[in-house]
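Work through the exercises below with the model in view. Try each task before you read its solution.

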Amino acid sequence: MEKELRLMKGNEAVAEGAIRAGADGYFGYPITPQSEIIEYLMESKPWETTGMVVLQAESELASINMVYGGAGCGKKVMTTSSSPGISLMQEGITYIAGAELPCLIVNVVRGGPGLGTIQPSQSDYSQAVKGGGHGDYHLIVLAPASVQEMFDFVSLGFDLAFKYRNPVMILSDGAIGQMMEKVWLSPYRERSKTVPEWATTGKPDSRKRNIITSLELDPNRQEIFNQKLVKKYNLIRETEVRFEEFQCDDAEYLYVAYGTSARVCQKAVELARNEGIRAGLLRPVTLFPFPVERINELAGKVRLILSVEMSAGQMVEDVMLSVAGKVPVYHYGRMGGMIPAPDEVVENLKERIIGG
Amino acid sequence: MAKIRGSIVVNIERCKGCEVCMVSCPTGTIGMAKEVNGKGYNYAYPANPDLCIGCASCAIVCPDGVITVYKTKI
């Protein structure tokens with residue numbers, strides 16, 4: 001089948017992406033600015049075509065635990081929410097990570113803390129990357145910067161989740177969720193007919209019982225399990241780093257930004273270059289694993305690094321760790337649902353240059 | 001030459017309050033409502049309907065196709 005071009009919202013692209021990725025189930029609860037995902041799924045009725053289950057749960061807690069159950073059966077399951085809803089899901093997410101189950105969680109971030117606003121923000125970086133729940137665990141975090149990536153990352157997210165048996169989060173924001181862009185839709189993938197060997201689907205005589213749990217009463221065995229997780233995360237750090245560079249080759253000053261901020265910075269780089277300031281942009285596509293090595297490499301070539309986020313400064317900490325003191329690292333951010341304008345970002349860089 | 005008067009109709013529930021139409025309007029017809037729609041966004045509405053000239057700039061820039069423009073000669 002040929003690729004299909006369609007104009008759609010970021011949220012709709014996630015929903016369409018789920019159907020086309022061959023997802024088995026979606027469990028969610030509506031919240032602005034991501035309600036279009038469940039609206040779109042309910043309207044497309046995938047249960048009549050691909051057989052995908054779509055269910056509006058009674059709460060976010062219910063939906064993440066339905067995902068836990070579905071993932072335990074070896075199914076491709078997902079949920080979506082926005083910041084306050086994702087906070088409610090944290091218990092379920094750490095249990096899923098502890099039970100080593102694959103699933104996809106989409107967070108269309110809005111301003112916080114608390115109920116906050118319904119406008120776009122990137123203030124959930126730390127929650128997503130450092131583990132919002134308890135225990136030593138990590139999610140694989142993908143940060144889309146366009147509607148096309150919202151679509152593509154659903155399929156990619158499921159693949160990564162099943163490859164590493166680890167929950168994957170797509171960390172988007174209200175702007176990308178609500179904006180409309182062209183999307184090349186890839187062909188439908190069949191829903192998997194085989195069950196992974198670890199799935200709990202009833203015990204046949206041919207194998208031992210499969211047990212899915214995140215509970216271990218013996219601390220020695222729990223430590224061995226934790227070491228296994230650390231080994232897995234280190235493998236992910238080695239193999240799954242993804243990033244994109246924009247005019248970094250001859251850059252003297254480097255922006256680091258992801259998602260919506262990266263789009264703003266791309267324009268800022270063009271504006272700065274028009275004024276003779278050689279700026280560049282590095283956009284981390286995976287936030288965990290973070291492109292530590294590449295940033296460290298670039299830090300040896302540039303004079304300063306400016307991390308631009310729609311938050312009080314969360315990713316900047318990871319940038320500083322990556323740079324390891326080679327060059328000054330600064331932060332510029334807007335909060336509470338405000339998006340920085342490109343000229344604002346250029347002005348801020350200029351202030352740093354004069355000041356530094 | 002006949003004068004043209006326009007009027008706009010906003011599909012309130014589909015509006016996400018991005019304010020692009022408000023900026024694009026050459027006559028200051030459009031404002032943002034104090035009330036919110038079902039999703040919680042302050043939606044666009046014709047704050048000064050008499051000023052509308054039916055140029056359809058708002059409908060062209062609207063990313064969600066929310067605005068319909070009607071023109072009449074008077």
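Two residues are in contact if their C-beta atoms, placed from the backbone, lie within 7 Å. Keep in mind that this is a predicted model.

**Exercise 1.** Find what share of the contacts in chain B between residues at least 6 apart in sequence join residues at least 24 apart.

Solution. Start with the contacts in chain B whose residues are at least 6 apart in sequence. Then keep those that join residues at least 24 apart. They make up 64%.

**Exercise 2.** Describe the fold of chain B by its elements and its overall dimensions.

Solution. Count the elements: chain B has 4 strands and 2 helices. Along the principal axes, its C-alpha atoms fill a box of roughly 45 × 20 × 20 Å. Last, burial: 23% of the 74 residues are buried.

**Exercise 3.** Characterise the contact between chain A and chain B.

Solution. Count each side: 6 residues of chain A are in contact with 6 residues of chain B. Now sort the chain A side by class: 3 residues are nonpolar, 3 are polar and none is charged.

**Exercise 4.** Examine helix α10 of chain A and what follows.

Solution. The helix covers residues 259-274, 16 residues in total. From first C-alpha to last, α10(A) reaches 24 Å, close to the expected 22 Å. Its buried residues include G259(A), V264(A), C265(A) and A272(A). Just after α10(A) comes G276(A), with a positive phi of about 90 degrees.

How values were computed:
Residues numbered from 1 in each chain as written. Chains lettered and ligands numbered in written order. Predicted model: local features only at pLDDT ≥ 70, side-chain atom pairs only at ≥ 80, totals over all residues. Buried ≥ 20, exposed ≤ 12 C-beta atoms within 10 Å, placed from the backbone. Nonpolar A, V, L, I, M, F, W, Y, C, P; charged D, E, K, R; others polar. Expected span 1.5 Å × (residues − 1).
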